[in-house]
Amino acid sequence: MDKSRQSKVIIIGAGPSGSIAGALLRQKGYPVTILERQRFPRFSIGESLLPQCMEFIKEAGMLDAVVNAGFQFKNGAAFAFGDHYTEFDFENKFSAGIGTTFQVQRGRFDALLADEAARMGVDIHWQMEVKSVDFSGPQTHLTVADTEGQVYEYAADFVLDASGFGRILPRLLDLESPSGFPVRQALFGHIEDRITDPEFDRNKILITVHPEHKDVWFWLIPFSNGRSSIGVVAEQAFYTPGQDHGAQLQALIAQAPGLRRILQDAVFDDKINTLVGYSANVKSLYGKGYALLGNAGEFLDPVFSSGVTIAMKSASLATAVLDRQFRGESVDWEHDYAQPLKRGVDTFRVFVDAWYEGRFQDVIFHPDQQPEVKAMICSILAGYAWDQNNPYVKNARSRLDTLAELCRDDG
């Protein structure tokens, strides 16, 4: 076994939250090591960023690299249900801040962020899997194995878990708890889209509601190279057990006339992926010597593309608290990290709940939308779910419930 490897901070995972956190800590002068189980680039969902993400990318000093990478420009989101169609232009939002973003192939995007973090001095160790952790002493000790089975010991003053769906610390420390959402399953993959429909806007993600099942929906995320990401989400019991994922995805697309028309010439990749029971929660977002970032702590649902935004927000919040802690200031991880992060997550949760109950769909497909209210809702769809100046953030549930009731009564 090799001699212990030391770092001020160890981050588990080189995805967006890990790379952003590493860059922010390096800006403050701290030695940072990232342990990543895979080798980038690698496939991941979460391909439609929100404008709020760009604020954190800018904070981490990576904005120029992302802007110049040639990703698909994104200025909003479009929703379709039968003959109904509505769109949100993110630049017409209530909250201040960046109003456009990108739709990205996550393999290339995550590799770009990791490369930027490495350029800033973050030490990234690839294909290293964390097997066990020990938080009992003054330093945290991690036992790590490479792909050849060689075992290493790492030590750090603090650990940030940015392992995403791998959820390393929640599994090792028994932190997982029920999410409260039904078990849903996503089928998804990439296509050569061959879209010629003149009404289709490549600058927006398209969310299509199934014509007969309002809790079943599709995403279509165009990329800059003539390809797209396509997926469907439904409760697990909705699918036919044992049926080929690709055949099932294409059969469901055929049931949605508008989406079927847009994708009539599409060529599907051979590999169609699935993710089951992805919603997750934890008993605590922090503990002695560690904090959980992004999906390692909580993941709601992909419908509003909030995952990467929450991940980057968690990196920004946690590194600010950690910097104060390292400088000897008194910090309260519950008050300074968990509660502020959860405020935005809970805002997204209200809208996810309302989506699957059909109430949010009643709102967005209402024919007479008030511009002021639409701008407030647009802010949340753009990721600005922490803006307490927005009434639909500050009092999300009561405001949205009242609005949905008014729309239903008017309908």
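## A proline in a loop

P41 sits in the loop between strand 2 (32-36) and helix 2 (51-59); here helices are DSSP runs of H or I with at least four residues, strands are runs of E with at least two, and both are numbered from the N terminus. A cis peptide bond links F40 to P41, with omega about 0 degrees.

## Before you read on

This is a predicted model, in which local features need pLDDT of at least 70 and side-chain atom pairs count only at pLDDT 80 or more, while totals for chains, interfaces and linings use all residues. Residues are numbered from 1 along each chain as its sequence is written, and side-chain values use heavy atoms, leaving out hydrogens and water.

## Two residues with positive phi

Most residues other than glycine have a negative phi, and most peptide bonds are trans. R194 has a positive phi near 50 degrees, and you can find R194 in the loop between strand 12 (184-192) and strand 13 (204-209). S305, also not a glycine, has a positive phi of about 55 degrees; its place is the loop between strand 20 (290-292) and helix 8 (307-326).

How covered are they? Buried means under 20% relative accessible area, exposed means over 50%, and partly exposed is in between, using a 1.4 Å probe and protein chains only. R194 is partly exposed because its relative accessibility is 45%. S305 is buried because its relative accessible area is 15%.

## Helix 1

Helix 1 covers residues 16-27, 12 residues in all, and reaches 17 Å from its first C-alpha to its last. That is close to the 16 Å expected at 1.5 Å a residue, where the expected span is 1.5 Å times one less than the number of residues.

Helix 1 is mostly covered, with 10 of its 12 residues buried. Among the buried residues are P16, G18, I20 and L25.

## Charged residues to look for

D368, E405, D409 and D410 form a negative surface patch. Such a patch takes residues with over 30% relative accessible area and no salt bridge, joining like charges within 9 Å; a salt bridge is a side-chain nitrogen of Lys or Arg within 4 Å of a carboxyl oxygen of Asp or Glu. D409 belongs to helix 13 (residues 396-410), and D409 counts as exposed because its relative accessibility is 61%.

K394 is in helix 12 (residues 391-394), and K394 is exposed because its relative accessible area is 53%. K394 and R343 are 51 residues apart in sequence, yet their C-alpha atoms are 9.0 Å apart in space.

Notes. Patches are made of residues with over 30% relative accessible area and no salt bridge: like charges are joined within 9 Å, nonpolar side chains (Val, Leu, Ile, Met, Phe, Trp, Tyr) within 5 Å. Accessible areas come from the Shrake-Rupley method with a 1.4 Å probe; for residues, only the protein chains shown count as cover. Lys and Arg count as positive and Asp and Glu as negative; His and the chain ends are not counted. The place of a charge is taken as NZ of Lys, CZ of Arg, CG of Asp or CD of Glu.
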